[in-house]
Amino acid sequence: MPQSQALQQIISNMETVIIGKREVIELALITLLSDGHLLLEDVPGVGKTTLGKALAQSIRCSFARIQFTPDTLPSDVTGMSVYQMQTGEFRFMPGVVMNDILLADEINRTSPKTQASLLEAMEERQITADGKTYPLPELFMVIATQNPIEQLGTYRLPEAQLDRFLMKVSMGYPEKEKEEADIVRRALNGEAVKQLSPVTTRDAVAAMKKELREVRVHDDIMSYAVEIARNTRKSRYLTLGASPRAAIALVRAARSRAYLEGRSFATPEDVAALAPPVLLHRLILSAQARLEGKKEKDVLQEAMRAAKVPVL
């Protein structure tokens, strides 16, 4: 799979500005290859926005960033028709979604109505404005960020919209002091992400997406992912478990991970490795779980242990 070599170039390029976070970079690429969207939830200042910019900068594609605020309107996202005095006609002015990669900064700071304007775009890859439907670019991907700590003036994402994100990932603080010192040193020389040069093109990424369809996913692998999802729905510690859409997302992500690693087949390890970022944000704890101090990851681990791991 020659195209997968380009993925390693993207990773290496992004690692020049995202220090010590190779796993997060790989998850972002897996999300892109899987036609999914990525939610980055973490405290301020750990590189969430930089990650989104670095991914877009590494691919020669269209990119837009929108800073969500309480007064952001749905038309700011999708676009609107504007009256042209010269012609006497209305002309559609596209919004920020008409780009290959959209960075939605602090998505939980805008109103539910504006959040909902992203639903059709993220799921159907199209928008409807003034009764007309407009298709979005083939590469379209939303990378949204939110701060889980400060809740004043925020609007919690509803489950329906959380389910549209293929993965939810936390960046985390730098693990080593040397890595953090390196980040500070590079920042003193200017914003490093602006100095990134593209290492591939949108057409190359589109070719990768077509090529990864050749990655084999055995029926037993699919059954393994489905069993994990079904086990979460059986848990007395959850009021909402993983849906069939979650199982589909998990299998797609597993196939993309196999492609990223240069394999022509998916393995149970691919499913197990991606189950937390794909499933955890889709689970809702019951009151009993909170009383007993259970976390979503604890319940997911139980569901995974109860699932039969296929031997291929």
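# Buried residues, loops and packed helices

Lys209 is buried, with a relative accessible area of 7%; buried means under 20% relative accessible area, exposed means over 50%, and partly exposed lies in between, for a 1.4 Å probe and protein chains only. The structure is a predicted model, in which local features need pLDDT of at least 70 and side-chain atom pairs count only at pLDDT 80 or more, while totals for chains, interfaces and linings use all residues. Residues are numbered from 1 along each chain as its sequence is written, and side-chain values use heavy atoms, with hydrogens and water left out.

Lys209 belongs to helix α8, which covers residues 202-211. Helices (H or I, at least four residues) and strands (E, at least two) are DSSP runs, numbered from the N terminus. When neighbours within four places in sequence are left aside, Lys209 is in contact (heavy atoms within 4.5 Å) with Leu32, Leu33, Asp35, Glu138 and Leu139.

Asp35 lies in the loop between α2 (22-33) and β1 (38-41), and Asp35 counts as partly exposed at 37% relative accessibility. The phi of Asp35 is near 60 degrees, a positive value in a residue other than glycine. Most residues other than glycine have a negative phi. Glu106 is a further case: its phi is positive, at about 50 degrees, although Glu106 is not a glycine. The loop that holds Glu106 runs between β6 (101-105) and α5 (112-124). Glu106 is partly exposed, with a relative accessible area of 26%.

Ile127 lies in strand β7 (residues 126-129) and is buried, with a relative accessible area of 1%. What surrounds Ile127, leaving aside its neighbours within four places in sequence? Its contacts include Thr78, Phe92, Val97 and Met98, as well as Glu120, Ala121 and Tyr134. Ile127 and Gln146 are 19 residues apart in sequence, and their C-alpha atoms are 24 Å apart in space.

Arg186 is found in helix α7 (residues 177-188). At 31% relative accessibility, Arg186 counts as partly exposed. Beyond its neighbours within four places in sequence, Arg186 is in contact with Glu15, Thr16, Val17 and Ile19. Arg186 and Leu33 are 153 residues apart in sequence, with 30 Å between their C-alpha atoms.

The next part of the tour concerns the packing of helices. Helix α9 (residues 219-234) and helix α11 (residues 268-279) pack at an angle of about 30 degrees, with their axes 10 Å apart. Axes are lines fitted to C-alpha atoms, for helices over the stretch in contact, and angles run from 0 to 180 degrees between N-to-C directions. The angle makes α9 roughly parallel to α11, because angles under 35 degrees count as roughly parallel, over 145 as roughly antiparallel, 65 to 115 as roughly perpendicular and the rest as oblique. The contact is made by Ile221, Tyr224, Ala225 and Ile228 of α9 together with Pro268, Val271, Ala272 and Leu279 of α11. By class, this contact of α9 with α11 has 8 nonpolar, no polar and no charged residues; Ala, Val, Leu, Ile, Met, Phe, Trp, Tyr, Cys and Pro count as nonpolar, Asp, Glu, Lys and Arg as charged, and the others, Gly among them, as polar.

Helix α11 also packs with helix α10 (residues 244-260), at an angle of about 130 degrees and with the axes 9 Å apart. That makes α10 oblique to α11. Among the residues that make the contact are Ala246, Ala249, Leu250 and Arg257 of α10, and Glu269, Asp270, Val271 and Leu274 of α11. By class, the contact of α10 with α11 has 12 nonpolar, no polar and 3 charged residues.

Leu260 is also found in helix α10. Is Leu260 buried or exposed? Leu260 is buried, with a relative accessible area of 6%. Apart from its neighbours within four places in sequence, Leu260 is in contact with Leu7, Gln8, Ile11, Glu26, Leu29 and Ile30. Leu260 and Ile19 are 241 residues apart in sequence and 20 Å apart in space, C-alpha to C-alpha.
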